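Hi,

Here is the structure I promised to pass on to you. Please have a look at it first, and then read my notes below.

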Amino acid sequence: MASCSGRIPSGLTLSRRSRHRFVAAASEDDSRVAIQEEASSAIDVVKKEFQARRYHVENDKMFDILGASLAVPLRLGTGALVQGYKASFVPKEQVPPSQYSLFDFGGQKLVETAVLGARPQQPIQIYEFEGCPFCRKVREAATILDLDILFYPCPKDGPTYRPKAIELGGKKQFPYMVDPNTDVAMYESDEIIKYLVDKYGNGKVPFMLSLGFFTTLTAGLAMLGRAGKGSQYVPARKPDKPLKIWAYELSPFCKIVRERLVELELPHVYYNAARGSPKRNYLLERTGIYQVPFLEDPNTGVEMFESSEIIKYLNTTYAL
């Protein structure tokens, strides 16, 4: 493998001048605390005022979403369905309110299921970045297998996780996977995919991930519409705890959020929730709707939908 060297209220927004004033007046740790305290003061307002808007696209994000959607035809939908996906009509009275379903029709609900392999007890750790086709292949595999992944973003010039990955593995190469459940660590996207499907799937590499050079070529072409987004480091504060996001690889709304997480070098647990994932039931029960991306920041207590608003939140809270 070649190397791949709620609507936020105004009360949550800190001006860039204010953030610089914090930094000048105190240490970096004190600045982080002050900013988090101001953000936390608006959390209740966020939870009361914010409502998710299905398939809503802000005007300034229209081209971003269109560019991120290029992957859908080029990858033939890879990363949209969980392994063993099946959709079937079930009598409405047999479907509990907490179970996600596509729609009602004639007293029936269209319910989605999947066939999952063994579940890891701890999230698998992957060091990678968005603008790498080899990394995309592994992310697609993780989505199909419905795995939770702790991503350590390694954008170019990133000061933290790129050097750490090189120190751990000894190579300037991505992706680099560490499975804390088995103490296995490895490079090479195809080898990582084979390991994941053997350990946590049915042992069969999905078709669109088994085509060698064609897989890598289309994975690279799928990212052309984003023009390298998610590859270059943007200076940011480091959170004490990894953020949490429910999403899946093929969704363009999820894609633009994850690009920003990578650029800001924010570690995050990625809860894959593609079609057929039981995590859709979890989100429905927890929030009353199913919609992704859904962000939870354990550092501030903020929980929110809406890709454009999540990006604004990440910029306000973490970007320097």
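A nonpolar core here is a set of buried Ala, Val, Leu, Ile, Met, Phe, Trp, Tyr and Cys residues joined through side-chain atoms within 4.5 Å. Keep in mind that this is a predicted model.

With that in hand, the largest nonpolar core has 76 residues, and I124, Y127, M177, L196, L295 and L314 touch the most other members. In soluble globular proteins, nonpolar side chains tend to be buried together. Take M177 as an example: leaving aside residues up to four places away in sequence, M177 touches I124, Q125, I126, V184, A185, M186, I192, Y195 and L196.

Helix α12 covers residues 307-318 and reaches 16 Å between its first and last C-alpha, close to the 16 Å expected. Of its 12 residues, 10 are buried, including I310, I311, Y313 and L314.

Finally, a word on confidence. The protein chain averages a pLDDT of 87, and 82% of the residues score at least 70. Over residues 5-27, pLDDT stays under 50, and the model has 47 contacts beyond four places in sequence for them. Residues 41-50 are also below 50, with 16 contacts beyond near neighbours in sequence.

Enjoy exploring!

Methods:
Residues numbered from 1 in each chain as written. Predicted model: local features only at pLDDT ≥ 70, side-chain atom pairs only at ≥ 80, totals over all residues. Heavy atoms only, no water. Helix = DSSP H or I, 4+ residues; strand = E, 2+ residues; numbered from the N terminus. Expected span 1.5 Å × (residues − 1). Buried < 20%, exposed > 50% of the residue type's maximum accessible area, 1.4 Å probe, protein only. Contact = heavy atoms within 4.5 Å. pLDDT = per-residue confidence, 0-100.
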